[in-house]
Amino acid sequence: MTSRTLAVVSAGLGQPSSTRLLADQLAAAARDELAGRGATVELRVVELREHAHDVVNHLLTGFAPAALRRTLDAVAAADGLIAVTPIFNASYNGLFKSFFDVVDRDALAGKPVLLGATGGTARHSLALEHAVRPMFTYLRAATLPTAVFAAPEDWAGDDGDSALRSRIRRAGAELAEQVDRRPPATGPADPFALTTDFAELLAGRDPS
């Protein structure tokens with residue numbers, strides 16, 4: 001049985017948070033679909049509000065505190081990523097952008113990414129396409145066709161068969177399919193790993 005890991009990044013600022021709720025439901029849909037394909041799935045949930053100060057410190061100093069370093073490594077090592085942000089002023093919030101500003105270069109290259117967002121009105125849904133998706137395209141992530149936006153009215157009276165639920169299931173299935181067709185992620189490269197044979201180092205030979 002194949003073991004898979006999904007990183008789930010939520011940039012909600014409140015608690016409880018509709019952003020976290022959407023992230024959890026997207027993660028559950030993808031997990032269930034992967035389980036149906038015979039995989040065991042580990043979810044690594046990242047609440048960015050818990051790392052806000054560390055993200056700022058990293059931006060200022062260029063060094064990630066230990067807790068943030070573990071989170072960045074978990075995102076890099078995941079087979080797939082679910083990234084959900086609240087929409088402020090027709091775009092992602094500052095915490096969401098700042099976190100992905102400090103994600104290691106190439107960490108998301110080719111990685112399947114499911115995008116989600118929440119907002120106070122359905123009019124903000126286009127922000128997924130004109131703001132959020134372009135950022136992940138720049139990071140060379142493999143963004144999925146279906147992105148999921150949830151406005152307050154989408155949660156009201158949800159009977160489990162709403163348009164939102166249908167979109168969540170479709171997006172989860174797309175992520176599962178892309179993760180399933182790829183080999184397991186190997187994680188971030190070890191910066192201390194030797195790239196030269198130790199015997200060659202002792203002999204003073206340059207393998208290049």
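The model is predicted. Its largest nonpolar core holds 34 residues, and the count of salt bridges comes to 12.

**Nonpolar cores**
- Within the largest core, the residues that touch the most other members are Val9, Leu81, Phe96, Phe99, Phe100, Leu108 and Phe136.
- At least two residues of this core come from each of β1 (2-10), α3 (66-77), β3 (80-88), α4 (94-102), β5 (112-118) and α5 (127-138).
- Leaving aside residues up to four places away in sequence, Phe100 touches Val9, Leu81, Ala83, Leu108, Met135, Phe136 and Leu139.
- A second, separate core has 23 residues, including Leu6, Val84, Ile168 and Ala176.

**Helix α3**
- The 12 residues of α3 reach 16 Å from first C-alpha to last, close to the 16 Å expected at 1.5 Å a residue.
- Leu68, Thr71, Leu72, Ala74, Val75 and Ala76 of α3 are buried.
- The cover over these buried residues includes β1, β2 (39-47), α2 (52-61) and α4.

**Salt bridges**
- Arg20 pairs with Asp24, with the closest N and O atoms 2.8 Å apart; the two are 4 residues apart in helix α1 (residues 18-36), so about one helical turn separates them.
- Arg20 is partly exposed at 25% relative accessible area, and Asp24 is partly exposed at 32%.
- Arg133 and Glu129 form a salt bridge with closest N and O atoms 2.7 Å apart, and they also lie 4 residues apart, in helix α5.
- Arg133 counts as buried at 13% relative accessibility, whereas Glu129 is partly exposed at 39%.
- Salt bridges with shared partners join Arg20, Asp24 and Glu47 into one network.

Terms used:
Residues are numbered from 1 along each chain as its sequence is written. This is a predicted model: local features need pLDDT of at least 70, side-chain atom pairs count only at pLDDT 80 or more; totals for chains, interfaces and linings use all residues. Side-chain values use heavy atoms; hydrogens and water are left out. A nonpolar core is a set of buried Ala, Val, Leu, Ile, Met, Phe, Trp, Tyr and Cys residues joined through side-chain atoms within 4.5 Å. Buried means under 20% relative accessible area, exposed over 50%, partly exposed in between (1.4 Å probe, protein chains only). Contact means heavy atoms within 4.5 Å. The expected span of a helix is 1.5 Å times one less than its number of residues. A salt bridge is a side-chain nitrogen of Lys or Arg within 4 Å of a carboxyl oxygen of Asp or Glu.
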